[in-house]
Amino acid sequence: MAATALRSLLSQAYARAERRLPALTRLKAPEPLPIALHRRRIYIVPTRFGLGFGAILATMLLGALNYTNNAALLLTCLLAAAAFNSMLLAFRALDGLSLRTVRPGHAFAGEALPVDLGFAAGGRARAGLRIDAAGAAPCFAIEANAETDVRIELPTDTRGPLPLPRLRVSTTWPFGLFRAWSWLSPDTRALVYPRPEAHGPAAPGADSDGERVQGGAAGDALAGLREYRAGDPLKLVAWKASARHAGLLVKEFERPRDRDERRLDWHAIRGLSHEARIARLTRWVIEAHAANARWTLVLPAETLGPDAGVGHYHRCLAALALLP
Amino acid sequence: MTPRPADARLSTSIDAQRPLDRRAFDLLCLGVAAVLALHLPRLPPRLGLVLAAVLAVRWAQRRWRGGRVSLLLKLPLVAALPLAILAAYGSPFGRAPGAALAVGMLVLKLLESERARDAASAVAFGSFVAMSALLFGQSLPMTVLVALALLPLLAALQALQPAAAVPPFARAFARPALLLALSLPLALVAFLFVPRLSSPLWGAPGAEQARTGISPRMAPGDFVDLLTDDRPALRVAFDGAPPPPGQRYFRGLVMWHFDGRAWAATSTAPSSQPEALHPQAPLYSYEVTLEPTGRHWLFALDTPLAAPADALMSAARELARSRPIDAVLHYRVTSAPRRALAPALDDAERRRGLQLPPGFDPRARALAATWRQRHGDDARAIAGAALSLFHDGGFSYNLAAPPLGRDSVDDFLFGTREGFCEHYASAFVFLMRAAGIPARVVAGYQGGYWNALGGYLLVRQSDAHAWAEVWLPGQGWTRYDPTAAVRPERVTLGAAAAAAGQGAWYQADWLQAARNRWDIVNRLWDRAVIGFDSLRQRGLLTPFGVERADWGALAAALAAMSALVLALSLLLVLARRERRDPLAAAQARLERRLARAGVARRPSEGPLHYFRRATRALPQHRDELHALGDAYLALRYACAAPAPEPLRNYLIQVRRFRPRRMVQ
């Protein structure tokens, strides 16, 4: 009986703490957007410069007291009061600011992932704001009742979903004496695409000789002539043109794009590790998209396409990123 | 995934290393120039000129050419600064050389200010140097100027902050000015309650300050500097009407000893037995506010009855304190202008009153001897003869008196015949003594400007005066003012009138009049701010039942008052002045009432479903809830902004709606 009462008391206390002191509990956990900053989640400490300025103020105070110089004492008090009130201004610069949107961009593992944070100013203009994320500190300012996007870049390492790190929005406005800050941990996740492999064979059906032979046979438009290279099929040698030339010339054909149909098959890749397969497929997808081709991505659990275009490209990369 | 503390440090250092942008540098230069200007009047002219030139060149260099200043240029300048100060002041120690060094260092700091961090430290140091200007004078205009110099410094600090757009130059001062203005209440609370030191922690304050005012030695021509000095010497507030102009003699020092050239006050040692004083009506009680003099003695209307608190009285009824007066001093005295002073003279005093150096001024002695022969023992007659000599002997009042030779009194009486109060007082006393009548010189102030608005008498340094006291049998020491015999205006109208036409252009009459009226502000400043010492601070809490508050009580009061002011400002800051949507407010109210009636809105519930559920739960309010729900949905969702008339109707409906709990 007593134990349950105690437990309920504890849980009540915890709920209360959660409500009253989000710093201790909630701010570590991701929270849904929009995140509005308010007094319970804004922290202020003096900066190093603020401490130094305080020391100078103390010296002035002591001097004024020692020399019974009331004018200096009055102005020292004024300056100290202004310094103190600048703390309130620092607080006001953050109070009421809200993070409305988080729009992660796209990045392959190892690249920097751009994330656009949409802030709304609320009723007053704010200046000297800064987002600290991963070593970079973009600064921004917002007019009253306006919104602005701030781009941060997150380092990425591995493919897959990337929870946004805790972001620190801070300001030393107006005099750099105090730093006010607040933690933002939006529950948004970004998706990091797999790192494509650097080298490797081309995708089946992409720019291979066989395809070109077929394409040639299908009566594609002649694109031009080029020097013979070892391995070119004799069928493509332009004999008549070669006769007027020092070496052999080979016919090249322009393929209509829609005819380029690639099949990027998970099961067709053998002898590679799981991640290496993903890396190869990623490269193939990138190449296919760059070549403006149509492709089908066959994964162990699903098949995407055949399709082409940006949407398909991102769908495929996302599927690759989310592979187990 | 959480950023490590290292990230935070990194970002701070990025900030501090940010190069200084043009606006911030301009403001910083302006701030340093303002601080330099505050100190300029006291700096050695050449040093001031060089520092101003360095500042200007550096500003132009960074603005148009950019780039760092070469070390080859910086180092010699940094090395030359202490040398220049040593050459100018002779010693590196003390207030003036220290301030000059600080100003120089501040200007040189600009040479290496390339980053935000440099600028920030320059601002902090600059505000310190600006404050130090107040060590040399804490008048109201000076204080205001220092406060104004803080503005560009704070604006520079603000310009260091990253901002989207650089505001117009004038706008850069708006926020610092506003912030300073809003900080005044807190500053005043701190000023009132910061416990004052009862004794200084180090140094003798003001020991080396340039002294003005009456000195204990009076040689011919010494007063000239004083008589052209317009600074206030003392202010006197009388309890009743002020004495008539002819009686406004403020005694300071009695000078007994003449060495042939100068009169000197013998030590003003306190005496257990001041000269006897028989006062006659009227008596005047008043409060004197004395500007710091760095000397020991006080001034009081001739002749004080008793010494004020903390002061002592000498045999000749001079007032003095044991410590030099380094801060504005207030004291109360009662005086009797009509009195008999020392009706009986003892031999020692008579000897001192007759002292003359041998071998000086034979012609004056001869003249005195003829008066002695003619009038015998009649001191009044002899004094009258001397006064009529001054009046009819072709003497004139002239601040630009020619210099006098070895026999100064002879030179004056029979040669130049031009001079001002000290010449006349000196010659008069010499003649009296030579005629065998005890006499002495009194130095002090005479006259003053009656400020009717403030109800006080303003006495300036230029009102410094010297007169004579002659001992008359039966009447004691009696005041004779030989200057009045030459120029009666000196006594009735004041020094300015007496010196009419001899002053500089800035002593023009109308200007003087304006300054005299303006003095009331200075007086208020002096009383309210400068004169707010530990004694008055201790009396601050008397209305609250704390007699003579000690350090702890003051600290507690400071904490309490600061907390009060802080609470007020926090209220202002935390108040969210977002205008709430009246419709949403009304809806919240409605929901609260419904919740009390047992129908609380679930988080997942939209208004439509909520109203439906409420109607089902409270069938007796069905019609009302239908109307309310329809009105709300129409107002909220039918158009972008609710129309005013239906909105008002809805608000009234909500106010009138009192749901009753269902009885189960």
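**Notes on the model**

1. Helices here are DSSP runs of H or I with at least four residues, strands are runs of E with at least two, and both are numbered from the N terminus. Residues 73-94 of chain A are 100% helix and 0% strand, with 32 Å between the end C-alpha atoms. UniProt, in an unreviewed entry, lists both 49-67 and 73-94 of chain A as "transmembrane region". UniProt positions follow the numbering used here, feature names are shortened, and annotations may be inferred rather than shown by experiment.

2. Some ground rules apply throughout. This is a predicted model, in which local features need pLDDT of at least 70 and side-chain atom pairs count only at pLDDT 80 or more, while totals for chains, interfaces and linings use all residues. Residues are numbered from 1 along each chain as its sequence is written, chains are lettered from A and ligands numbered from 1 in the order in which they are written, and side-chain values use heavy atoms, with hydrogens and water left out.

3. For chain B, the unreviewed UniProt entry gives "transmembrane region" for residues 72-90, 142-160, 172-194 and 551-574. The span 72-90 of chain B is 95% helix and 0% strand, its end C-alpha atoms being 27 Å apart. The span 551-574 of chain B is 100% helix and 0% strand, and 33 Å separates its end C-alpha atoms.

4. Chain A contains 7 helices and 17 strands. Of its 324 residues, 48% are buried, where buried means under 20% relative accessible area, exposed over 50% and partly exposed in between (1.4 Å probe, protein chains only). Among the contacts in chain A with a separation of 6 or more, 62% are between residues 24 or more positions apart; a contact means heavy atoms within 4.5 Å.

5. Chain B has 25 helices and 20 strands. Buried residues account for 46% of its 664 residues. In chain B, 74% of the contacts with a separation of 6 or more join residues 24 or more positions apart.

6. Which residues lie nearest the centre of the largest pocket? They are Leu89(A), Ala125(A), Trp173(A), Gln158(B) and Arg175(B), out of 46 lining residues. The space in this pocket is about 1400 Å³. On a 1 Å grid over the protein atoms alone, a pocket is an open set of points where a 1.4 Å probe fits, with protein on both sides within 12 Å along at least five of seven lines, and lining residues have an atom within 4 Å of a point. Grid points are joined across faces, edges and corners, and the volume is the space filled by probe spheres set on the points.

7. Both chains contribute to that lining. Elements that each supply at least two residues include α3 (70-94) and β6 (126-132) of chain A, and α7 (140-159) and α21 (551-574) of chain B. The lining divides into 32 nonpolar, 4 polar and 10 charged residues. Ala, Val, Leu, Ile, Met, Phe, Trp, Tyr, Cys and Pro count as nonpolar, Asp, Glu, Lys and Arg as charged, and the others, Gly among them, as polar.

8. Val169(A) sits in strand β10 (residues 167-171) of chain A. Val169(A) counts as buried because its relative accessibility is 0%. Leaving out residues up to four places away in sequence, Val169(A) touches Leu37(A), Leu94(A), Arg130(A) and Trp181(A), among others.

9. Two cis peptide bonds deserve a look. One joins Trp173(A) and Pro174(A), with omega about 0 degrees; Pro174(A) is in the loop between β10 and β11 (178-184) of chain A. Another joins Asp302(B) and Thr303(B), again with omega about 0 degrees, and Thr303(B) lies in the loop between β9 (300-301) and β10 (311-313) of chain B.

10. Most residues other than glycine have a negative phi, and most peptide bonds are trans. Asp310(B), not a glycine, has a positive phi of about 70 degrees, and is exposed at 60% relative accessible area. Arg317(B), also not a glycine, has a positive phi of about 60 degrees, but is buried at 9% relative accessibility.
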